[in-house]
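Colleague: I'm new to reading protein structures. Could you walk me through one, feature by feature?

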Amino acid sequence: MNYIDKLLQSEDLVSPGISACQGCGAELILRTALKIMGKDTAVVIPPGCMAGAGAVGWNFDNGLKVPVHISLLDNTAAFMTGVKTMYELSGKDTKVVGIAGDGATSDCGFQSLSGAAERGEDLIYICYDNEGYMNTGFQRSGTTSKGSSTSTTPVGKVIKGKEQNKKDLPMIMADHDIAYTATLSPAYMQDFVRKLEKAVSMKGGFRYLHIYSPCPTGWGTAPECSIDIARKAVQTNFFPLYEVENHKYTINIEIKNPQPVSELIKQMGKFRHLAEEDIQEMQKMVDKKYNKLKALAAMSQDN
Amino acid sequence: MGKIIAATGNTSAALGAALSGVQVVSAYPITPQSSVVEYLAKMIADGALPARMVQVESEHSAMSVVQGAVAAGARAFTATSAQGLALMYEPYFRMSTLRLPMVMAIAGREMTSPEGVWGGQQDSISVRDAGWIQYYAENNQEILDTVIQGYKVAENNDVLLPVNVCYDGFFLSHLYERIELPEQSEVDAFIPKYNPVHYAFDPAKPMALDPMTPGDILMEYRESHLQAMQNALGIIEQTDKEFEKAFGRSYGGLVEEYRCEDADIILVTMGSMTGTAREAIDAKREEGIKAGLLKIRVMRPFPVEKVRNVLSERKAFAVVDRNVCFGWNTGALYMEVKAALGGLGKRISSIPVIGGLGGADITQEHFMQCIDLLEEAGKSQVEHKTVWLKKEGIV
């Protein structure tokens with residue numbers, strides 16, 4: 001079945017009435033991911049946008065049509081491990097899926113994530129990367145891009161936005177020697193669905209999916225442009241789409257003539273203050289990282 | 001009766017968990033707890049215990065793993081001490097407020113700073129209001145037996161709360177004692193397989209476990225949690241009686257009285273120091289002094305009625321704490337006992353005593369001196385200043 005039919009025919013497992021901000025990447029990711037995961041799934045979501053949007057339920061009601069638990073901000077992968085362990089002991093095949101923001105994944109949640117990855121737990125962990133703590137008003141996270149204006153790295157007279165580079169989560173996770181690591185973009189739905197299906201089809205092992213998740217509210221972008229922005233992030237090599245399996249790095253969408261990164265960031269309020277030299281520096285960083293990925297992919301072909 | 005072995009407190013805790021048929025164990029090493037889970041890891045590696053061991057990267061994750069496992073219907077176990085307990089505080093608090101039953105052993109250790117690894121009760125005392133049931137064991141047999149009793153209490157439908165079995169680090173965790181090991185079949189009969197009514201994370205019943213909950217509903221949860229704690233008072237007593245019927249050993253339920261019948265003055269103790277205090281009571285009785293002992297076995301829920309019944313007609317009592325309460329110039333148990341007696345309209349002389357911190361010894365001589373002080377205090381109604389048990393004697 002092609003991916004469009006698959007998405008058309010799969011039940012939406014998010015409860016009616018649940019919605020996030022206009023143009024939210026994470027809501028699209030949640031709905032699409034759950035369609036592919038199917039009903040025999042238990043979901044763990046730490047505090048963050050998807051919890052705040054009500055996916056974890058309200059009062060006595062569930063926000064999903066599958067079991068869901070709002071974990072602590074920092075224990076998602078450990079809680080998932082406990083659930084999966086007991087499911088295995090009781091002969092259940094149910095998938096245990098984590099859907100967490102980049103803050104809960106890369107900062108305080110990283111220890112438990114790294115532990116579960118190192119143990120090779122049979123789990124699927126999805127990180128929707130909107131580059132900050134967006135649910136609480138866009139505070140900086142370890143995965144906020146350099147230069148971003150956030151509520152904790154404001155643009156002042158002396159300091160202008162976040163001064164540090166973005167932590168490269170998918171590369172770090174791949175280096176845990178886990179079963180599967182992939183980057184996904186909601187602008188490339190065929191690739192997106194294939195990677196989710198692949199994660200589901202794998203028997204055992206830790207699967208980490210890192211998904212670029214535009215955030216109009218936090219980033220200062222037009223809600224109707226979210227998919228366009230997600231596409232540009234790929235076409236500028238700012239967020240390349242690749243997967244890693246058994247130390248084999250594969251670039252899934254190769255961009256023949258990448259656009260300059262300025263094409264991406266000019267649409268974003270969080271980068272409005274950047275000077276020409278800041279943008280050049282960002283371009284250099286994008287090029288360096290992409291060259292590293294290309295080198296890894298080339299090396300993988302030789303293996 | 002099963003066989004007789006020599007076992008440390010840590011091995012006793014591990015054997016209690018194994019006999020209770022735990023299915024999921026997750027822990028992170030810390031002195032003086034480590035050998036609890038080392039023992040269980042060996043049993044699992046040898047195939048002697050059909051459980052799953054999840055070796056995590058921190059105590060925070062250890063508690064989180066068992067939280068997930070119990071939410072999915074498991075009987076689970078972990079153990080920790082001091083800094084490990086402090087690190088796991090976040091999921092620790094949530095375990096009780098999610099009303100997920102389990103047993104966790106705490107090999108008590110002083111909290112840093114100053115740096116140290118030795119025994120104390122400051123770790124578990126500091127979390128006495130995180131919603132868990134807390135037992136304090138006097139000896140290794142009691143550790144083993146209380147782990148088994150703990151599962152029965154925790155999983156009772158009128159309780160549904162996690163249980164700490166606390167015991168003094170090194171003094172018990174590393175001390176070998178004679179243990180009567182119950183037969184597996186006897187334990188199986190005492191605590192049948194866990195059959196949760198509370199099983200929340202079941203794909204067949206897709207519920208949200210802990211949705212966002214506003215204050216008016218949250219207060220109902222708190223009210224029922226407090227009620228469950230009160231229910232536990234009776235169930236702990238009843239479970240200890242049932243245990244006695246099945247295994248021939250009893251620990252008095254919530255508290256244990258020793259030579260209190262005609263006593264004018266009472267020592268109140270908790271944990272391993274109790275054995276030494278018994279010797280001191282015997283020695284003073286030989287001298288004709290009417291001294292008795294009240295051992296607090298359960299700190300949470302606090303056995304208010306029991307404490308009132310034992311202490312309300314005495315001339316004086318001293319409470320010996322292996323912990324401090326920073327906001328008061330006393331230990332925590334002293335405050336609890338005083339609170340229990342408040343409202344009775346009686347003034348009974350009392351002495352707050354602090355000792356044994358960071359692995360320091362509490363000696364029989366210390367207790368003898370406390371009893372001498374109580375003799376004096378009993379002559380008038382006084383609230384004595386805090387007494388410290390030091391190397392050179394009481395100060």
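Colleague: In which sense do strand β2 and strand β4 of chain B pair?

Modeller: Here is the general idea: strands of a sheet pair through backbone hydrogen bonds, either parallel or antiparallel. In this predicted model, β2 (residues 24-27) and β4 (residues 76-80) of chain B are parallel partners, joined over two bridges. Look there for B:Val25, which stands opposite B:Phe77 in β4(B).

Colleague: What is the order of the strands in the open sheet of chain B?

Modeller: Follow the seven strands as β3-β2-β4-β5-β7-β6-β13, with mixed pairing. At the edges of the sheet you find β3 (52-55) and β13 (298-300) of chain B; each has a single partner strand, so one side of each is left without a neighbour in the sheet. From one strand to the next, the twist averages 20°.

Colleague: Which strands of chain B does helix α7 lie across?

Modeller: Helix α7 (residues 140-154) lies across β5 (103-108), β6 (133-136) and β7 (163-168) of chain B.

Colleague: Now the domains: how is chain B divided?

Modeller: Domain 1 covers 4-247 and domain 2 covers 256-394. Their centres, taken over C-alpha atoms, are 28 Å apart. Where they touch, 26 residues of domain 1 of chain B are in contact with 20 residues of domain 2 of chain B.

Colleague: Which element gives the most to the domain 1 side of that contact in chain B?

Modeller: That is α9(B), with five residues. By class, this side of domain 1 of chain B has 14 nonpolar, eight polar and four charged residues.

Notes. Residues are numbered from 1 along each chain as its sequence is written. Chains are lettered from A and ligands numbered from 1 in the order in which they are written. This is a predicted model: local features need pLDDT of at least 70, side-chain atom pairs count only at pLDDT 80 or more; totals for chains, interfaces and linings use all residues. Two strands pair if DSSP finds at least two bridges between them. Helices (H or I, at least four residues) and strands (E, at least two) are DSSP runs, numbered from the N terminus. Axes are lines fitted to C-alpha atoms, for helices over the stretch in contact, and angles run from 0 to 180 degrees between N-to-C directions. Two residues are in contact if their C-beta atoms, placed from the backbone, lie within 7 Å. Domain bounds come from an automatic or database domain assignment. Ala, Val, Leu, Ile, Met, Phe, Trp, Tyr, Cys and Pro count as nonpolar, Asp, Glu, Lys and Arg as charged, and the others, Gly among them, as polar.
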